[in-house]
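Here is a short report on one protein model. Look at the sequence and the fold, then read on.

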Amino acid sequence: MSVFHLSKGHNIKLKGKPLRKILDVSNGEYSCVHPIHYKGVKPKLLVKEGDTVQAGQPLFFDKTKTSVKFTSPASGVVEQIVFGQRRVVEKILIKNNNANSVDMDKHSIEDIDSEKIKSFLLDSGMWTFLRQRPFSKIPDPSYNPRSIFISMINSAPFSLDLEFALSDYKEDIVNGIKMIQTLTDGKVYLSMNKGSTFFEGFDLGNDVEINYFSGPHPVGNIGVQMHHIAPIANRDDIVWYLSAQDLISISKTYIEGSLYLDKIVSCGGVGVENPGCYRVKRGALMKDIVGAVDCDKFRLISGDVLSGTIARVDDSFKTFDETISVIEEIQERDFVGWAL
């Protein structure tokens with residue numbers, strides 16, 4: 001265990017900070033998947049417009065890693081497949097019908113090993129929750145990482161307070177950590193806020209190392225944490241990381257035998273009527289969360305204002321984002337603003 005304090009950085013103060021309340025908006029009419037949200041993935045479609053799909057059914061796979069499947073977040077009918085330039089698949093829109101998901105088996109948390117967990121993640125589509133550093137790509141199942149990182153710290157503007165949002169899921173996170181421990185011969189590194197007692201009373205095992213961080217943003221950046229804990233030494237040095245919320249989905253699905261695809265996102269900014277935390281289904285559309293936003297007056301961002309991307313109300317937030325920001329759009333530019 002180590003304690004790190006970052007002195008360099010800055011916490012940006014913006015209006016519309018999300019309140020500490022969780023609102024449920026998990027019954028949207030549509031869900032969608034954006035293959036372009038995954039870096040380095042070359043999708044091969046397995047469905048076409050008009051097909052009926054179940055939650056957990058593969059929609060496409062990666063041509064470069066054929067065992068990595070991307071599954072539907074909801075049951076319904078594929079209403080639209082949007083192609084971009086050079087036939088790049090940009091969006092798969094599904095009209096929900098709330099039918100049953102793909103049948104899955106229940107498992108015991110005691111019955112785990114590397115091959116079982118890897119097969120489960122690939123079959124369920126939850127392998128795509130993992131990311132590899134450098135480049136934040138979906139990892140190749142044929143390689144094992146040096147170590148795996150999990151962060152319980154968010155420091156960007158409007159970011160989700162993970163300890164508040166996930167306070168009822170401590171055991172699920174611990175079970176998820178036990179599962180992904182089997183995927184590496186090295187350690188699982190868990191980053192926490194300095195002084196946190198979130199996992200007090202839980203036995204995480206000898207292969208889990210907890211490190212505590214304090215300081216301004218970017219203290220919550222996973223790359224910054226890696227740099228201080230166990231830096232990447234060379235380009236062949238592979239490490240993985242994933243979100244605590246993804247761990248919950250993995251462990252609950254494995255143990256309970258039914259897909260758990262809930263996610264909590266924080267939503268803040270001057271353009272949000274009710275800034276707070278929203279429980280949604282993965283693939284939910286932006287308009288189900290933020291309502292009707294006038295995009296001429298406000299900028300809708302999937303992610304935080306520093307590293308997020310501009311989004312549209314008819315699209316889903318980006319796959320790995322846990323923050324939605326709605327800030328005022330600047331209509332007029334200052335004369336010779338660069339000189340100011």
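In which loop is the place of Ser136? Ser136 sits in the loop between strand 10 and strand 11. Strands are DSSP runs of E with at least two residues, helices are runs of H or I with at least four, and both are numbered from the N terminus.

## Basis of the model

This is a predicted model, in which local features need pLDDT of at least 70, side-chain atom pairs count only at pLDDT 80 or more, and totals for chains, interfaces and linings use all residues. Residues are numbered from 1 along each chain as its sequence is written, and side-chain values use heavy atoms, with hydrogens and water left out.

## Backbone features

Ser136 has a positive phi of about 55°, although it is not a glycine. Ser136 is buried, with a relative accessible area of 16%. Arg86 also is not a glycine and has a positive phi of about 55°. Arg86 lies in the loop between strand 8 (76-83) and strand 9 (89-96). Arg86 is exposed, at 83% relative accessible area. Buried means under 20% relative accessible area, exposed over 50%, and partly exposed in between (1.4 Å probe, protein chains only).

The peptide bond from Arg133 to Pro134 is cis, with omega near 0°. Pro134 is in the loop between strand 10 (131-133) and strand 11 (147-151). A cis peptide bond also joins His217 and Pro218, with omega about 20°. Pro218 is in the loop between strand 13 (208-214) and helix 4 (222-229).

## A hairpin

Strand 6 (residues 58-62) and strand 7 (residues 65-71) pair in the antiparallel sense over four bridges. Pairing requires that DSSP finds at least two bridges between two strands. Two residues lie between strand 6 and strand 7 in this hairpin. Phe61 stands opposite Lys69 in strand 7.

## Nonpolar cores

The largest nonpolar core has 62 residues. Those with the most contacts inside it are Leu121, Met152, Ile173, Ile177, Leu190 and Phe199. A second, separate core has 16 residues, including Val272, Val280, Val293 and Phe317. A nonpolar core is a set of buried Ala, Val, Leu, Ile, Met, Phe, Trp, Tyr and Cys residues joined through side-chain atoms within 4.5 Å.

Leaving aside neighbours within four places in sequence, Ile173 is in contact (heavy atoms within 4.5 Å) with Met152, Leu166, Phe198, Phe199, Ala244, Leu247 and Ile248.
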